[in-house]
Amino acid sequence: MGDVADKLAYFQAITGIEDRDLCTEILSAHGWDLEQAISSITSTDNHRPAAASGSATANTNQGTEDAGLVLAANGNNQPPGVVWKLVTLPFSIISGSLGLISGAVGLGIWVASGVLSYSLSMIGHNNSGRAGTTPLVSVSQSTSDAMDFVSSFERDYGSMRPNFVAEGFMDALQRSRHAYKLLFVYLHSPEHPDTPAFCGRTLCNETLTEFVNENFVAWGGSVKASEGFKMSNSLKASRFPFCGVVMASTNQRIALLQQVDGPKSPEEMLTILQRVLEESAPDAAFQAALEADQARERQRKEQEERLEREAAEAQQKRIEEEEARESAAREAAEKEAAKAKMREEKAASLGAEPEKGPDVTQVLVRFPNGERKERRFHSTATIQTLYDYVDSLGCLEVESYSLASNFPRTVYGPDELPLSLKEAKLHPQASLFVESNS
């Protein structure tokens with residue numbers, strides 16, 4: 001709240017105390033801290049917001065950016081309607097990921113405890129003061145406040161009521177967005193003298209209840225609880241009972257379409273809510289169409305990204321295959337070069353072919369393809385020399401082979417390599433053939 005007069009009026013509206021001097025003394029005694037002052041009056045209630053003051057202070061220090069577009073309502077004495085105007089209200093979210101970003105939301109809400117998934121609201125909450133209730137999971141403060149409000153409201157006014165969702169405000173807002181419905185907000189001031197009659201006769205009216213449940217997502221909060229207090233502060237609720245109609249708009253903005261201050265009859269509330277639905281229907285339809293367009297745009301981008309990714313993967317695969325081919329060709333060339341060098345070295349090691357003579361052996365080599373090669377060697381040359389000769393010719397495609405003779409059949413393997421031609425009984429002439437070892 002801003003100045004002293006605003007705080008004083010707000011304190012009177014929530015507590016129902018009409019004596020301004022007494023209200024001034026209470027506020028002054030608490031350093032004009034609204035929440036502490038209200039808590040001192042309602043200290044017997046188990047649902048005091050234990051951390052609201054600290055959260056509000058933290059929000060002020062953060063100085064969040066406010067850029068929300070809000071639809072404000074007409075005054076109480078004017079016919080109901082929808083009027084657009086820009087307002088700036090503080091808003092921050094400590095935790096949660098509902099897609100509504102704190103710096104861009106203009107509906108002045110700061111939710112210190114964050115938001116929790118809808119499913120948690122259905123299975124338990126922390127409320128040690130309620131008999132027969134055992135918390136199954138730990139829930140956020142905003143969800144716990146909402147659960148307490150729903151339970152307390154039904155206990156006090158019965159089951160014929162709006163179906164207030166038992167979850168935090170931001171979860172309820174997201175729920176309404178997904179359902180393409182407006183959010184009906186009720187801020188409950190239990191100490192206000194007009195509250196019992198409004199709840200019992202208006203909010204719990206069968207016709208009004210059915211209309212709200214059919215056309216809206218409903219959320220309620222007690223101003224004595226942390227989130228309800230902050231919501232009332234954000235919506236600048238200065239008179240109770242307080243109701244509002246909120247829409248989750250696009251571009252991370254929130255719209256307040258209508259606010260209703262003070263007690264109203266069921267007929268008056270129906271008239272106001274029907275008017276809001278009629279006038280906001282084009283906006284809701286536009287929002288639905290816009291969201292459908294955005295969904296199609298997302299799909300188009302995802303398709304483009306997928307095609308780009310597939311093209312990049314295909315290009316990378318082509319590059320890898322080309323590199324593999326080049327590497328294989330390079331290895332083959334290197335291998336062939338090594339073989340050529342080996343043939344040259346072995347040919348050089350043979351020396352010049354000797355002339356015919358008594359110490360010269362005539363050797364005929366037959367290859368698997370039918371080719372024949374003939375050469376003279378000194379009788380003192382070894383079997384290894386014959387292998388070097390065959391290698392130097394480059395006529396074989398296999399790397400492992402053996403030299404053998406037919407009559408008698410003899411295979412000249414590794415053990416015979418050191419033998420001379422004369423020792424191997426291949427002098428003065430020999431006919432050998434090549435056998436593949438593979």
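Me: How many residues does the protein have, and what percentage of them count as buried?

Reply: This is a predicted model. A residue is called buried when its relative accessible area is under 20%. Of the 438 residues here, 42% count as buried. The protein exposes about 22700 Å², and carbon and sulfur atoms supply 50% of that area.

Me: How many helices and strands does the protein have?

Reply: There are 11 helices and 13 strands. As for contacts between residues at least 6 apart in sequence, 64% join residues at least 24 apart.

Me: How many aromatic pairs does the structure hold, and how is the geometry of one read?

Reply: Two rings pair if their centres lie within 6.5 Å, and planes over 60 degrees apart make the pair edge-to-face. The structure holds 13 aromatic pairs. One of them joins Phe-153 and Phe-164, with 5.4 Å from centre to centre and 75 degrees between the planes, and is edge-to-face.

Me: Which parts of the chain does the pair of Phe-153 and Phe-164 tie together?

Reply: Phe-153 belongs to helix 5 (residues 141-157), while Phe-164 is in the loop between helix 5 and helix 6 (169-179), so the pair ties together parts 11 residues apart in sequence. Both Phe-153 and Phe-164 are buried.

Me: Why does the pair of Phe-169 and Trp-219 count as edge-to-face?

Reply: The ring centres of Phe-169 and Trp-219 are 5.4 Å apart and the planes stand at 80 degrees, so this pair is edge-to-face. Phe-169 is in helix 6 and Trp-219 in strand 6 (residues 216-222), so parts 50 residues apart in sequence are tied together.

Me: Are Phe-169 and Trp-219 buried or exposed?

Reply: Phe-169 has 0% relative accessibility and therefore counts as buried. Trp-219 is buried as well, with a relative accessible area of 1%.

Me: Where is the place of Ala-340?

Reply: Ala-340 lies in helix 10 (residues 266-350). With 25% relative accessibility, Ala-340 counts as partly exposed. The C-alpha atoms of Ala-340 and Asp-391 are separated by 9.9 Å, and these residues are 51 apart along the chain.

Methods:
Residues are numbered from 1 along each chain as its sequence is written. This is a predicted model: local features need pLDDT of at least 70, side-chain atom pairs count only at pLDDT 80 or more; totals for chains, interfaces and linings use all residues. Side-chain values use heavy atoms; hydrogens and water are left out. Rings of Phe, Tyr and Trp (its six-membered ring) pair if their centres lie within 6.5 Å; planes under 30 degrees apart count as stacked, over 60 as edge-to-face and the rest as tilted. Helices (H or I, at least four residues) and strands (E, at least two) are DSSP runs, numbered from the N terminus. Buried means under 20% relative accessible area, exposed over 50%, partly exposed in between (1.4 Å probe, protein chains only). Contact means heavy atoms within 4.5 Å. Accessible areas come from the Shrake-Rupley method with a 1.4 Å probe; for residues, only the protein chains shown count as cover.
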